[in-house]
Amino acid sequence: MGHSVLDTLTLGYRLLWNRRRELAGAELLVNVPTGAQGVDARHLLAAVSEAWPTRAPQLLLALRTPDLLPDLLRHAAPEGPWIVLPASALADAALRGQAEQAQARGLGLVWPGRAGSVCPGLWSAHEGRALEALPRGQILDAPKRSVQAAAALDQREAWAVAGWPVDDTLRELAHAARLPDRVGISRVVRAIEQDASLDRIEALLAAEPVLSYRFLLHVNATAVRQRGEIDTVQRGLRVWGLQPVHAWLLGELAQARSELDLQPLRAGLGLCARLAAQLLDPGDEEDLRREVELCALYAWLDRLLGEPLPAVLTRLPLSQRIRQALLEHSGPYQPALQIAQAMQSADLRRVQALCESYGYAPQQVNRALLRTLAAPLP
């Protein structure tokens, strides 16, 4: 793997959700470590564009290193990612002028608290303004309460909410979070009825943490005598057979719930789990990737089910490697799990420290993130 600007950067991400609670875009958080050499806007834009297909969600670039912003404004193309401007852009006359010149040539800019000519603006949810003051078609930034996010999307017709209020959503919808998702079940049922590949059916089922957990509980109680303990979704599908699985899924619909505001939480967990699997060495086997993905997906089962994680995991014959990572915070899966979880936060220093501690090359980690963000959700 040749030298790239991705060898130097530290990346993180934040997801943006639209009115249907589907992925509207992804904000790529970019930090250039102090003293780094050979990093410029053209190489950054080229590396990102190479990894970002046309049909991927809208990409936003948010620099945590302001020195690079003027160069980015000069070289970014209108057809490229939107550039998120910091709050200082409004107070800095020189920077504001550069931004306005870039916007005049068609560059997509996300202004703080102000709509641009091409892109929505980013409006803070924490400045004491009434939500009624949010203009239509804008982005609500990091709401703390689910009622704020829902009102912005459903009443104010915001373009997106940046950063879903996961903690408050779990408090408000604790009972629904413990039940399988009706939409998720329907997707798996349709895939089976349409003779989709086993990999596709597994991906849809594994993407739903509560549903896949209940599936493994049930298949172990039903089919364990046939082939021994079943520790993965794929093995459960093979051992039990698709027709019994189809019948079981239809039975699960009776107690399933469909809460729109839980969709970003579930989809975000699935994306983090896929990122953890992508962080493995390219030579690792596919079965190992599936196990790592399951490990990352089940890291939140205690919060979803409202029970201590040791009690939840005791009911399943999971591998020792998963138990080490989730219960002992050790073992071979712990590095990928920790890095994937850190990358969805704004703490890029922690991401850098974890990569250095575990010996992960920045380019490997950054390419894994770009692949994961650019891929469509199941």
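Predicted model: local features only at pLDDT ≥ 70, side-chain atom pairs only at ≥ 80, totals over all residues.

User: At what angle do the axes of α13 and α18 cross?

Analyst: The axes of α13 (residues 263-278) and α18 (residues 334-343) cross at roughly 135° and come within 8 Å. α13 is therefore oblique to α18. Axes are lines fitted to C-alpha atoms, for helices over the stretch in contact, with angles from 0 to 180 degrees between N-to-C directions; under 35 degrees is roughly parallel, over 145 roughly antiparallel, 65 to 115 roughly perpendicular, and the rest oblique.

User: Which residues meet there?

Analyst: Cys272, Leu275 and Ala276 in α13 are in contact (heavy atoms within 4.5 Å) with Ala336, Ala340, Gln341 and Met343 in α18. By class, this contact has six nonpolar, one polar and no charged residues. Ala, Val, Leu, Ile, Met, Phe, Trp, Tyr, Cys and Pro count as nonpolar, Asp, Glu, Lys and Arg as charged, and the others, Gly among them, as polar.

User: And how does α13 pass α20?

Analyst: α13 passes α20 in a right-handed crossing. Leu271, Arg274, Leu275 and Gln278 of α13 make the contact with Ala368, Leu369, Arg371, Thr372 and Leu373 of α20. That contact has five nonpolar, two polar and two charged residues.

User: Changing topic, how many cavities of 30 Å³ or more are there?

Analyst: The count comes to one. A cavity is a set of points on a 1 Å grid over the protein atoms alone where a 1.4 Å probe fits but cannot get out; a pocket is an open set with protein on both sides within 12 Å along at least five of seven lines, and lining residues have an atom within 4 Å of a point. The largest cavity holds about 40 Å³ of space.

User: What lines the largest cavity?

Analyst: Its lining consists of Leu269, Cys272, Ala296, Ala299, Trp300, Leu337, Gln341 and Gln344. The elements giving two or more residues to that lining are α13 and α18.

User: How much space lies in the largest pocket?

Analyst: About 1100 Å³ lies in the largest pocket, a volume being the space filled by probe spheres set on grid points joined across faces, edges and corners.

Technical notes:
Residues numbered from 1 in each chain as written. Heavy atoms only, no water. Helix = DSSP H or I, 4+ residues; strand = E, 2+ residues; numbered from the N terminus. Left-handed = near helix turned anticlockwise from the far one by under 90°.
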